[in-house]
Amino acid sequence: MKLSLSKFIKDKLTPDQQELLYKRLVRLRRPAWFGTLRCTKPISQHWGYDRGNPVDRYYIEKFLAENSKDIQGRVLEVKDSEYTDRFGKNVTQRDVLDIDANNPLATVVADLAAADSVPSELFDCFILTQTLHLIYDFHSAVVEAHRLLKPGGVLLLTVPAVSRIIKGYGPENEYWRFTAASCKTLFGEVFGKENVTVSSYGNVLTAMSFLTGIAYEELSHKELETNDIYFPVILTVRGVKV
């Protein structure tokens, strides 16, 4: 009598051997072609800027474009007013926040986690992209961001879910990565959960591309537009002050 393969595997192999065989069969059925990714150094040391634009910029700018109607009135942004200029609608005043007084573009010099010197309820919109992970006391920063907004004002924020360490800051000056759950809880506590919308952008391919420095121009529209909540590149928060 011929012994079936499945019975042979079950009778003749230990559970550990069965698991190893199963994993090998999975690899044979769905091989992983690493290509240029099979290296221990990134393809770009500059986030992909030397090849095009970083993957996270695609999602940040998509988020801001989708919420451009909120970028109006008096708008606050960090470091410069690039996104205010690009996406703003009916902007009456542009302000730039920086902790560094040497920034010639800064109109508000303060540490966002302790911005007591800045009056409350000044801004209609606060664009805060890829910054919160650099602030150790991020909860205080969110409280201050809320305080600076006028009633009805909108916070448009992005944070990394995955990212390399910023060379200019170094490992000792980056503190956090975020999840959808942490964003919903954190901003819900400050703004009220009914006033907060959290979204995730990205998938396993775009996450790998971002980490290795592949530019978003090297990916297809379909690849960029596929969102998988289990593999976000960035998380976005729209918070409305009531």
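Modeller: What follows describes the pocket and then the protein around it. This is a predicted model, in which local features need pLDDT of at least 70 and side-chain atom pairs count only at pLDDT 80 or more, while totals for chains, interfaces and linings use all residues. Residues are numbered from 1 along each chain as its sequence is written, and side-chain values use heavy atoms, with hydrogens and water left out.

The largest pocket has a volume of about 900 Å³. On a 1 Å grid over the protein atoms alone, a pocket is an open set of points where a 1.4 Å probe fits, with protein on both sides within 12 Å along at least five of seven lines; lining residues have an atom within 4 Å of a point. The volume is the space filled by probe spheres set on the points, which are joined across faces, edges and corners. Of the 33 lining residues, Lys79, Gln130, Thr131, Leu134 and Tyr169 are the closest to the centre of the pocket. Two or more lining residues come from each of helix 3 (55-66), strand 1 (73-78), helix 4 (82-87), strand 2 (91-98) and strand 4 (123-129). Strand 4 gives the largest share, three residues. Helices (H or I, at least four residues) and strands (E, at least two) are DSSP runs, numbered from the N terminus. By class, the lining has 18 nonpolar, six polar and nine charged residues. Nonpolar means Ala, Val, Leu, Ile, Met, Phe, Trp, Tyr, Cys and Pro, charged means Asp, Glu, Lys and Arg, and the others, Gly among them, are polar.

The protein as a whole has eight helices and seven strands. Its C-alpha atoms fill a box of roughly 85 × 40 × 35 Å along the principal axes.
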